[in-house]
Amino acid sequence: MTGMNLEPIWWALSLGACFGGNGTVLGGSDSVIARGMGEDHGEKITFGEYFRLALPLMIRTIIFDSIYLLIFYIS
């Protein structure tokens with residue numbers, strides 16, 4: 001209705017929702033399932049351990065996604 005190109009906004013929302021929750025155990029269903037499977041196999045994964053490993057990876061993916069959006073939609 002406004003004539004704006006909404007594609008970059010939808011991509012930003014999708015990428016943020018998908019990758020943004022991967023920094024904590026409770027942020028995504030896949031993390032909860034992986035933690036449960038680890039416990040079934042005798043590997044206890046604490047929230048702190050997961051957070052320490054997953055947060056830097058989540059930040060990297062968010063940065064990569066931001067660069068992708070800037071390259072393909074701003075320039």
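Asp-65 touches Leu-15 and Phe-19, leaving aside residues up to four places away in sequence. Contact here means heavy atoms within 4.5 Å. This is a predicted model, where local features need pLDDT of at least 70 and side-chain atom pairs count only at pLDDT 80 or more, while totals for chains, interfaces and linings use all residues. Residues are numbered from 1 along each chain as its sequence is written, and side-chain values use heavy atoms, with hydrogens and water left out.

Asp-65 sits in helix α3 (residues 47-74). Helices are DSSP runs (H or I, at least four residues), numbered from the N terminus. Asp-65 is buried but has no salt bridge. Buried means under 20% relative accessible area, exposed means over 50%, and partly exposed lies in between (1.4 Å probe, protein chains only). A salt bridge needs a side-chain nitrogen of Lys or Arg within 4 Å of a carboxyl oxygen of Asp or Glu. For Asp-65, the nearest side chain of opposite charge is Arg-60, 13 Å away. Lys and Arg count as positive, Asp and Glu as negative; His and the chain ends are not counted.

Leu-15 belongs to helix α1 (residues 7-20). Its partners are Gly-20, Asp-65 and Leu-69, again not counting residues up to four places away in sequence. Leu-15 and Thr-61 are 46 residues apart in sequence, yet 9.1 Å apart in space, C-alpha to C-alpha.

**How α1 meets α3**

The axes of α1 and α3 come within 10 Å and cross at roughly 170°. That makes the two helices, α1 and α3, roughly antiparallel. Axes are lines fitted to C-alpha atoms, for helices over the stretch in contact, and angles run from 0 to 180 degrees between N-to-C directions. Roughly antiparallel means over 145 degrees. On the α1 side, the contact includes Trp-11, Leu-15 and Phe-19. On the α3 side, Ile-62, Asp-65 and Leu-69 are among the residues.

Helix α2 (residues 29-40) has twelve residues and reaches 17 Å from its first C-alpha to its last, close to the 16 Å expected at 1.5 Å a residue. The expected span is 1.5 Å times one less than the number of residues. Just after α2, Gly-42 has a positive phi of about 85°.

The structure holds one salt bridge. It joins the side chains of Arg-35 and Glu-39 (3.8 Å, N to O). Both residues, Arg-35 and Glu-39, lie in α2, four residues apart, about one turn of the helix.

| Residue | Relative accessible area | Class |
|---|---|---|
| Leu-15 | 12% | buried |
| Arg-35 | 26% | partly exposed |
| Glu-39 | 41% | partly exposed |

Key. Angles under 35 degrees count as roughly parallel, over 145 as roughly antiparallel, 65 to 115 as roughly perpendicular and the rest as oblique.
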